[in-house]
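The sequence and structure come first, followed by the points grouped by topic.

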Amino acid sequence: MGRPVHRLPAPRGPSAAVTDRLITLADIRAAADRLRGIAIRTPTVPADAIAPGLLLKAESLQTIGAFKIRGAYNAIAQLSDAERSSGVITYSSGNHAQGVARAARLLRAPAVVVMPSDAPAIKRARVEADGAEVVVVGTSSEERRRVAEEIAADRGLAVIPPYDDDRIIAGQGTCGLELAEDVADLAAVLVPIGGGGLASGVAAAVKALRPSVRVIGVEPELAADARDSLAAGRIVAWAAEQVGRTIADGTRTQELGRRTFAHLRALLDGIVTVSEVEIAAGVRLAAEAARLVVEPSGALAVAAARYRRAEAGLVALPGSVVAVVSGGNVDPDRYRELLASPIPA
């Protein structure tokens, strides 16, 4: 099990570049303006049956079933007309792929998406339904990035990274902006970490508006590269076969990006990890306690709210704890299996 990792000393040597300027509240507010009428201002749903005073930020109710539309649209909207006409490309295991496909369609930009062979079928189908061209590669996130960059260079496409980009981080930050504005007694936020874009943006928004609020990242035990990176003070990579073991497919990123590492190191109050059994239980708990369809990646914060309260420093906080439910795109057969999962005491 993981331990909260608090702010660390400034990096030295080659890692010093991660101390670059962080995104600002102005960047996030500008993203919110671009997203008006595009992204849903998602509700916070009471879930006291999971943990006392818990609210779930239901990003699973977004237009594409996940938070990723926020960053994808914010990035593509800032391209020039010529860049959008030439087209965009991204690399993603699923939800960012859907975000880019949808944003590109809305902004009339051709889109190519490089996806891994083990991406959930429902995610690939929805990417194709929005008109994007899908290129399937192996399971390594590094291979996805490399192939996308090669295609971009060959076809003259603009690359829309899944997380390591300030436009993406600012877009995801609008989720945190809503939390800071909507939850009057906000005391803590639990947020999933894959590549770190959502956690970076949420932390930037919440800390700018409500600096006393704790922001805690959550990873699977089987894909805890962010935990290791924050502990080491440098970006630590995990092998594709390691992160591929977790059922939380949206968090199978092998390493943080330079920009997300900089934000998480500066702004995150801690990080905890949850087991596969606890992630599966989180899917079931969200269904039973809040009537939300949640994918395994989206259940990370739910699991932490139930099983890591003391570890995350949430027990005695005077106010509401919000678990960000990052997405709800899960294959129906797999979802039925998850709903039969045991709920540990």
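**Strand 7 and its sheet**

All 7 of the 7 residues of strand 7 (residues 186-192) are buried, so the strand is largely enclosed by the rest of the structure. Buried means under 20% relative accessible area, with exposed over 50% and partly exposed in between (1.4 Å probe, protein chains only). Strands (E, at least two residues) and helices (H or I, at least four) are DSSP runs numbered from the N terminus. This is a predicted model, in which local features need pLDDT of at least 70, side-chain atom pairs count only at pLDDT 80 or more, and totals for chains, interfaces and linings use all residues. Residues are numbered from 1 along each chain as its sequence is written, and side-chain values use heavy atoms, leaving out hydrogens and water.

**Pairing**

- Strand 7 runs parallel to strand 10 (residues 320-325), and 4 bridges join the two; strands count as paired if DSSP finds at least two bridges between them.
- Within strand 10, Ala323 is the bridge partner of Leu190, and Val321 is that of Ala188.
- Strand 7 is also parallel to strand 8 (residues 214-220), to which 5 bridges join it.
- Gly217 in strand 8 is the bridge partner of Val191.
- From strand 7 the chain passes through helix 8 (residues 197-209) to strand 8 in a right-handed β-α-β crossover, that is, clockwise from the first strand over the helix to the second with the strands pointing away from the viewer.

**Sheet and packing helices**

- The open sheet has 6 strands in the order 1-2-10-7-8-9, with mixed pairing.
- Strand 1 (44-46) and strand 9 (270-274) are the edge strands, each pairing on one side only.
- From one strand to the next, the twist averages 30°; angles run from 0 to 180 degrees between N-to-C directions, with axes fitted to C-alpha atoms, for helices over the stretch in contact.
- Helix 13 (residues 300-307) packs on the sheet and touches strand 2 (54-58), strand 7, strand 8, strand 9 and strand 10, its direction making about 130° with that of strand 7.
- Helix 9 (residues 225-232) lies across strand 8 and strand 9, at about 145° to strand 9.

**Whole chain and confidence**

- The protein chain contains 14 helices and 10 strands.
- Of its 345 residues, 61% are buried.
- The C-alpha trace spans about 55 × 45 × 40 Å along its principal axes.
- Mean pLDDT (the predictor's confidence in each residue, from 0 to 100) is 93 for the protein chain, and 94% of its residues reach 70 or more.
- Over residues 1-19 pLDDT stays under 50, and the model has 45 contacts for them beyond four places in sequence; a contact means heavy atoms within 4.5 Å.
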